[in-house]
Amino acid sequence: MSEASTYQELRAHLATLRLAAAAEALPAELERARADKSSHTAFAESLLSIEVDATLARRQASLARFASLPSPWRIADFDFDAQPSVDRSMVTELASLRFLDDATNVLLIGPPGVGKTMLAVGLGWAAVEAGYRVYYTTAADLVARCHRAALEGRWATTMRFYAGPRLLIVDEVGYLPLAGEAAAALFQVVTQRYLKGSIALTTNLGVGAWGRIFNDDPMVAAAMLDRLLHRSVVFNIDGESYRMRTHRARADKLRSKGAKRD
Ligand code: ADP
Ligand code: MG
């Protein structure tokens with residue numbers, strides 16, 4: 001076989017195997033191998049490593065899309081000095097992602113604006129970047145989706161969906177009271193992930209007030225808390241809203257400038 005037809009065969013093999021990145025890089029890689037007089041082994045390795053990099057990048061992009069994280073914040077962006085009630089070493093430990101190994105839950109409790117969502121999302125990104133499947137949802141969205149699923153006869157599929165990700169983030173539990181079917185949906189999601197997959201949950205209500213979220217049924221609240229807390233890391237975040245704090249700092253600065261001018 002001539003060199004030209006071997007080359008065509010090789011291109012056809014790469015196309016059949018859907019190795020698009022390697023196919024695209026082939027002419028340049030051949031050129032380079034000739035110029036560098038590289039070995040056959042070195043050539044094969046470098047061509048395939050291009051395909052491997054492309055595959056990993058695609059996988060990463062698909063995990064990131066699936067995760068639906070609502071903001072780009074990473075743990076590194078969190079200003080710990082502004083929020084002394086958050087234990088920095090505990091967050092650093094969580095960012096190592098060892099908590100995913102034994103399905104430990106993370107509960108972030110505190111008033112609005114103190115960084116609960118930011119920390120949960122930051123852990124989410126850390127897990128995505130480590131190659132784990134993550135899914136972010138608000139409690140309201142979870143409940144609405146389960147409601148639709150029940151109507152359309154897709155309850156079991158939907159429950160499997162929430163059981164799937166290695167880390168499930170449930171944001172904003174407690175802003176809306178969950179009664180009846182809504183409480184049952186969240187309860188089932190928590191129950192089926194129990195000891196199998198981590199949940200990072202944010203709430204504005206301290207665990208003592210959880211009965212209020214499930215006003216129909218304090219037993220559901222107690223049973224859910226039992227499962228969530230059994231193996232968990234809990235952050236009770238207090239202090240003022242980070243946004244308010246920045247507004248106040250800016251206002252103080254303006255005022256002090258004004259005062260100097262007087
Ligand atoms: P919560 O979920 O507790 O209501 P968020 O996480 O949404 O609060 O935080 C509100 C805003 O303030 C977000 O834009 C967030 O990025 C920012 N923020 C809060 N805490 C911090 C912090 N310690 N360092 C940097 N930004 C913060
Ligand atoms: Mg929030």
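Which residue has a backbone N or O atom that lies 2.8 Å from an oxygen atom of ligand 1? In the predicted model described here, that residue is Met118. The protein covers 84% of the 550 Å² of accessible area that ligand 1 has on its own, accessible areas being derived by the Shrake-Rupley method with a 1.4 Å probe, with only the protein chains shown counting as cover for residues. Around ligand 1 there are 14 residues, of which Asp79, Gly113, Lys116, Thr117 and Met118 come nearest; a residue is taken as near if one of its heavy atoms lies within 4 Å of the molecule. A backbone N or O atom of Gly113 is found 2.7 Å from an oxygen atom of ligand 1, whereas a polar backbone atom of Asp79 lies 2.8 Å from a nitrogen atom of the ligand.

Because this is a predicted model, local features need pLDDT of at least 70 and side-chain atom pairs count only at pLDDT 80 or more, while totals for chains, interfaces and linings use all residues. Residues are numbered from 1 along each chain as its sequence is written, chains are lettered from A and ligands numbered from 1 in the order in which they are written, and side-chain values use heavy atoms, with hydrogens and water left out.

The structure holds eight salt bridges, a salt bridge being a side-chain nitrogen of Lys or Arg within 4 Å of a carboxyl oxygen of Asp or Glu. One of them joins Arg32 to Glu29, with the closest N and O atoms 3.1 Å apart; both residues belong to helix 2 (residues 20-36) and are three residues apart, about one turn of the helix. Helices (H or I, at least four residues) and strands (E, at least two) are DSSP runs numbered from the N terminus. Glu29 is buried, at 10% relative accessible area, whereas Arg32 is partly exposed at 42%, where buried means under 20%, exposed over 50% and partly exposed in between (1.4 Å probe, protein chains only).

A further salt bridge links Asp101 and Arg166, whose closest N and O atoms are 3.5 Å apart. Asp101 lies in the loop between helix 4 (88-95) and strand 1 (105-109) and Arg166 in the loop between helix 7 (155-163) and strand 3 (167-173), so the pair ties together parts that are 65 residues apart in sequence. Asp101 is exposed, with a relative accessible area of 55%, and Arg166 is partly exposed at 30%. Salt bridges that share partners also join Glu29, Arg32 and Asp36 into one network.

Seven aromatic pairs are present in the structure; rings of Phe, Tyr and Trp (its six-membered ring) pair if their centres lie within 6.5 Å, and planes under 30 degrees apart count as stacked, over 60 as edge-to-face and the rest as tilted. Among them, Tyr135 and Phe161 form an edge-to-face pair, at 4.9 Å centre to centre and 80 degrees between the planes. Tyr135 lies in strand 2 (residues 134-138) and Phe161 in helix 7, so this pair ties together parts that are 26 residues apart in sequence. Phe161 and Tyr162 also make an edge-to-face pair, because their ring centres are 5.3 Å apart and their planes are at 80 degrees. Tyr162 is buried, with a relative accessible area of 1%, as is Tyr135 at 11%, whereas Phe161 is partly exposed at 23%. Phe66, Tyr135, Phe161 and Tyr162 form one aromatic cluster.

Technical notes:
Polar contact = N/O pair within 3.5 Å; in protein donor to acceptor, adjacent residues only side chain to side chain.
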